[in-house]
Amino acid sequence: MTLKYYLYLSHLKLGLLAAQTAPSVQHETELAVDLKVVRYSRKAVRPERHDLDKLEKVIRHLQDADQIGTAFEPGPYFQACLPMRWQVFPTAGIVVFAGTLDDQVIVLGGSASHVVGGGDAEPVGSVPPYLFRKLQELRPEPGEFDDERLHEALAQIGDGLPGPTQPVEFIAKRLAEKSGPNGALLGSPIYVALAD
């Protein structure tokens with residue numbers, strides 16, 4: 001098992017998605033003492049210990065259901081590993097990750113409250129209408145955030161992020177897409193981790 005350095009982990013999405021998957025087999029421990037006359041028995045069921053247990057369960061479910069594609073393949077969720085810039089926008093309550101894969105611009109947007117070590121932002125950043133409005137506010141040039149100009153809008157947002165790129169891996173929900181040459185893809189991440 002490879003250890004991952006998580007930058008973003010959406011506790012809210014994990015809870016909601018894990019609750020919809022089939023219950024996993026839970027570990028049961030039994031301690032019994034038999035004294036021929038009296039028998040004492042105690043059973044304990046270990047619950048999921050952490051959000052990482054839920055993440056593993058959700059990813060396994062999505063993979064088994066063939067719901068995770070790539071940036072170029074269909075699927076309600078997509079995963080990739082690429083260099084991205086990212087920034088937390090505390091006043092907007094969102095975090096934005098942006099990069100390119102071949103000629104496709106990929107932007108991930110989510111709640112700043114799910115950044116590992118992040119603050120106390122309200123967990124609304126991943127709600128599509130809110131996210132679209134906040135991304136539109138980040139653009140240096142005003143204009144509609146529509147299907148026709150999705151690539152341009154996402155490229156402007158990505159170009160505006162400071163700092164160097166970092167190699168990351170992620171799984172995200174596909175929110176908006178313009179396919180073809182110079183395509184664009186907007187997603188809401190379940191997790192983002194530094195890649196080796």
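Of the protein's 196 residues, 41% count as buried, meaning under 20% relative accessible area with a 1.4 Å probe and protein chains only. The model is predicted, so local features need pLDDT of at least 70 and side-chain atom pairs count only at pLDDT 80 or more, while totals for chains, interfaces and linings use all residues. Residues are numbered from 1 along each chain as its sequence is written, and side-chain values use heavy atoms, with hydrogens and water left out.

The protein holds 4 helices and 9 strands, taken as DSSP runs (H or I, at least four residues, for helices; E, at least two, for strands) numbered from the N terminus. From that end, the order is β-α-β-β-α-β-β-β-β-α-α-β-β.

Now to the inside. Two nonpolar cores, sets of buried Ala, Val, Leu, Ile, Met, Phe, Trp, Tyr and Cys residues joined through side-chain atoms within 4.5 Å, can be set side by side:

| Core | Size | Residues, among them |
|---|---|---|
| Largest core | 18 residues | F89, I94, V96, L186 |
| Another core, apart from it | 17 residues | A71, V95, F97, V115 |

Beyond its neighbours within four places in sequence, F89 is in contact (heavy atoms within 4.5 Å) with I94, V96, L138 and L161.

Strand β9 spans residues 184–194 and includes S188. S188 counts as buried because its relative accessibility is 3%. Its side chain makes a polar contact with the side chain of K13 at 3.0 Å; such a contact is a pair of N or O atoms within 3.5 Å, where, within protein, one must be able to donate a hydrogen and the other to accept it, and residues adjacent in sequence count only if both atoms are side-chain atoms.

Notes
Buried < 20%, exposed > 50% of the residue type's maximum accessible area, 1.4 Å probe, protein only.
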